[in-house]
Amino acid sequence: MGRVVVNVMPKPEILDPQGKAVNGALPRLGFSQFVSVRQGKRFELEVDGEVTDEILAAARRAGETVLSNPVIEDVVDVYAEPAHAPSDEAGR
Amino acid sequence: MTTSPTTPSPETVSFDTVANAEATPDQEMPYAELGLKPEEYQQIHDLLGRRPTAAELAMYSVMWSEHCSYKSSKVHLSTFGDKTTPAMKEHLLVGIGENAGVVDIGDGWAVTFKVESHNHPSFVEPYQGAATGVGGIVRDIISMGARPVAVMDQLRFGAIDHPDTARVVHGVVAGVGGYGNCLGLPNIGGEVVFDPSYQGNPLVNALCVGVLRHEDIHLANASGVGNKVVLFGARTGGDGIGGASILASETFDDTKPSKRPSVQVGDPFMEKVLIECCLELFAAHVVEGIQDLGAAGISCATSELASNGDGGMYVELDKVLLRDPSLTPGEILMSESQERMMAVVTPAKLDEFLAITRKWDVETAVIGEVTDTGRLVIDHHGVKIVDVLPRTVAHEGPVYHRPYARPAWQDGLNAATLSGPDADPQHVRPSTPEELRATLLRLLGSPNLSSKAWVTNQYDRFVQGNTSLAQPDDGGVIRVDETTGLGVALSTDANGRWTKLDPYAGAQLALAEAYRNVATTGARPLAVTDCLNFGSPEDPDSMWQLVQAIEGLADACQTLGVPVTGGNVSLYNGTGEPGQIDSSIHPTPVVGVLGVIDDVTRATPSGWTVPGLSIYLLGTTRGELDGSAWADVVHSHLGGLPPRVDLAAERTLAEILINAARDHLVDAAHDLSEGGLAQALVESCLRFGVGARVSLDAVCARDGVSAFEALFSESTGRVLVAVPRSEEVRFVDLCTARGYPALRIGVTDDVCQPGAGVAGAPDEDHEHEPALEVQGLFTVPLAEARTVFDATLPSHFG
Amino acid sequence: MLTGARIGVVTFPGTLDDRDAARAVRLAGGEAVALWHADADLHAVDAVVLPGGFSYGDYLRAGAISRFAPVMGSIVDAANGGMPVLGICNGFQVLTEAHLLPGSMIKNDHLHFVCREQVLSVENVDTAWTRLYSVGERITVPLKNQDGQYVADEHTLDELEGEGRVVVRYRDWNPNGSRRDIAGITNAAGNVVGLMPHPEHAVEVGFGPDGPRGPRTGTDGLRFFASVIGSLVG
């Protein structure tokens, strides 16, 4: 089993209402260190077997055509990771 | 991002200035890329007496676009004003020209309403296009000083089975719902139509209605020298730069990526906060006027406020709060970032103003003030970049007398009739009971006649607690005054197929149906808004359709005594080569009618709730099937002429319906439109699951029509009503006194009789279930009709 | 008419049904008191309604930002002290985020916003908000939500069932995929109730769901508000 992670973010120039609302709430809760928040999506695509370059390329194509809306979103990251990694080790 | 209008400058500043423009008169400016014609650019040059700065060019280009300037339609739109008589203005508090018209509904209450298009953006990015369409019309209503109380949406999509249609439908419906639901505005009705002519050109029109007291009406103008100009709401980013001039005006073209703008993204939460914030600002009397920012953003707001005021305006553009600090001055002026408002505030009330925006966590910047120079002057970091007469930007743009002519294909289209001796015999009509029954079910399950619950169940119709009627009733009815029950009814309509056959009559038919729908709920029609969706004004065929439709609508408004109070024009809805019959969408003049009702609890629903009521058919049935749902669904045919328009009859019919509702003479009333009597009967039965037993014999005998024509003709001026036995004499007297045809065609019933209808008669197991029974012809159990009616949209869209 | 009960109705940024909830309180005979999210003062109210809407746009998670509002600190303290609190829709989501009620709400199983007239059965009539209903009674109130699917782990669900803390359950059709058809629950003490459907939209003839007396005559929701007013003054 292999896993490909595709991260999608709103394009930098596009308004991100979600990030904006969270950004407004953080200082009220004492988190004044953060000057900006943007909220994106993480997809985990699992495959049988190893993640090959071809699979990564296919994941990128899927990301750019299906998983993201290219009008307002960018695929910012496509990478392989162990399929059964505990979430705290899967962080980057 | 799109073409930058910024010109490199030899000076220390990185942007073009007035001084630089004077020093470099021969500098080439990218006017063509911004959608301006050479002669328009020359006009700007002449107005200024020099070349425009990049910022000025940005302002003129967006404000002189078709979308903002109405340059192709202006000379014709004046017809609406010219044909509005003093008597029609009786209830008008604010007419055409402001953000939205305002209508007096009595007891000191006023209502403002308007319909607007967001068509092209909704094709590019359906969710955001539709969402920001709702957002834009709601801000128009807020800027009048009104609390928005309801929305409606008029949607046109391509063929239901076209591969691209699901993408657009899912996005648009979710966008309308996602934004409107989040604002707490009940969605009380609208239209959903599928037709191949809208492939690649979906129509997304949105209507908003707001309520205010007479004394709270606010007009947006910048008056009072020294008053502050304040920008508040969302920050300014790169949203939709160029959208106003390029996207909404010219055919968008994937081969020119530089013209493709970034889309606008809506934030309904911000808009909801803005609504409450603006209402509090108005209530505290701390604003002179508020202008919403829509197409053309700050360019539009500053030039319109200044042009409508009595002086000038000075703006420091670097005070504008930016989401994207890399924006050039021209881009800041053109940005269409959503959820922004501009207010004019006296210095004495500025602190109070800022306290209210702070309470709502709304970012606010004082960006300028009203001056006595008569000019709009904009500085950026202390350097002058704009110096113009505001009315030359806002109101005195180019005006075109576009050539128009009856299309070469029009006669052939009108000759292709399905009626009379010229009818093509291959368009077979059903005649046996089995065929008639099958036709009824086929139409009932067709995309345009099937249930729209899949769409409307995604919209909140309960919020605010004032909704008396909503879809699928004929009109939406909203309570305005909780003490008296005073309220308003709204309905919109447009039949693109009929308008294609005859644009003059088509626009009148749209008005007639919306007017009839409002009266069907028991409300008295008062005023009209319209959204004219047409093809390219540079195509004489489309231009002729537009001119004809405006003439037809203006004439009909005069006859019915209801004025147009405002609206919107959307052109360039076509992708084909000019001059062809299919160059553009079906011309689609969406007409909205607003009516007043003294007590909304007396509003008439569209379905019957109990057995034993007498069913009357009002009006005359003719063999009018050209352009009908039957012609479309069964024969994929469009030709001939639309049904006859009889506005005098519509007026009489409305009087009957209004009086009948007021005096409690009717329990239900439902307008006959697409699909004719058959469709209306089924809908009235399905509304509350109570059946009906009717006979067509009297209609056929009186009007000289066949059973097929009685069932499926789409003659206008017709309504079904359900009358309690105790009120029959009074109701018939009401019709007789006005000379209006009224025929008792049957009764409501919650069980069907065994064997009465021939085709589809229930077996013993089902004979006690509700059904629609057309005596001597056929029976349709309501359970069967319900299944057919409900299945179509979910089967395509899940 | 019962009078004297002061019922607070909280407005967060993005709250939509606050005016409707206040109207319901008035129609039930109480006095509606507007409470502002940024004001920790409860203004001596006897009970609180957290109305529906999309507070903070539901952008992080429904109710996730609102639960940290100053007014919520006071409400959590008061609720733990026994004050009746009703969370409707987004208010229910706020109560779960604030851990006054167990479980959480996720996106509807069919992924669409849904607005419909929903049949419920009332299963617990011992709470402050349901004592005027009878056990097993079927009522119809509007339902409208995007994130309405109630979820909790099996242990919590078993506990809720075992302690009779399911207050209302979806009948005829589960509109959002909620576990065990749960539409509303209570805390162990019975003073805090949360539900996804909107009783405040079924309180006035002419403007509610369809009812046995005709179109829009349904007023099945009114007794939520009358119940608490009755328990406060009675």
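## Chains B and C of a predicted model

The C-alpha centres of domain 1 of chain B and domain 2 of chain B lie 53 Å apart. This is a predicted model, in which local features need pLDDT of at least 70 and side-chain atom pairs count only at pLDDT 80 or more, while totals for chains, interfaces and linings use all residues. Residues are numbered from 1 along each chain as its sequence is written, and chains are lettered from A and ligands numbered from 1 in the order in which they are written.

The bounds of the two domains, which come from an automatic or database domain assignment, are as follows.

| Domain of chain B | Residues |
|---|---|
| domain 1 | 1-69 + 219-397 |
| domain 2 | 408-450 + 605-798 |

Chain B also holds an open sheet of seven strands, in the order β21-β23-β20-β24-β22-β25-β26, with mixed pairing. Strands here are DSSP runs (E, at least two residues), and helices are runs of H or I with at least four residues, numbered from the N terminus; two strands pair if DSSP finds at least two bridges between them. At the edges stand β21 (668-671) and β26 (778-781) of chain B, each with a single partner strand, so one side of each has no neighbour in the sheet. On average, neighbouring strands of this sheet are turned by 20° against each other, direction ignored; the axes are lines fitted to C-alpha atoms, for helices over the stretch in contact, and angles run from 0 to 180 degrees between N-to-C directions.

Within the sheet, β20 (residues 614-618) and β23 (residues 719-723) of chain B run antiparallel and are joined by five bridges. Tyr616(B) has Val721(B) in β23(B) as its bridge partner.

Between chains B and C, the contact takes 25 residues from chain B and 27 residues from chain C; two residues are in contact if their C-beta atoms, placed from the backbone, lie within 7 Å. On the side of chain B that touches chain C, the elements giving two or more residues are α8 (165-183), α10 (268-283) and β14 (467-469) of chain B. The largest share of that side, four residues, comes from α10(B).

Chain C has five helices and 11 strands. Its C-alpha atoms fill a box of roughly 40 × 40 × 35 Å, taken along the principal axes. Of the contacts in chain C with a separation of 6 or more, 74% are between residues 24 or more positions apart.
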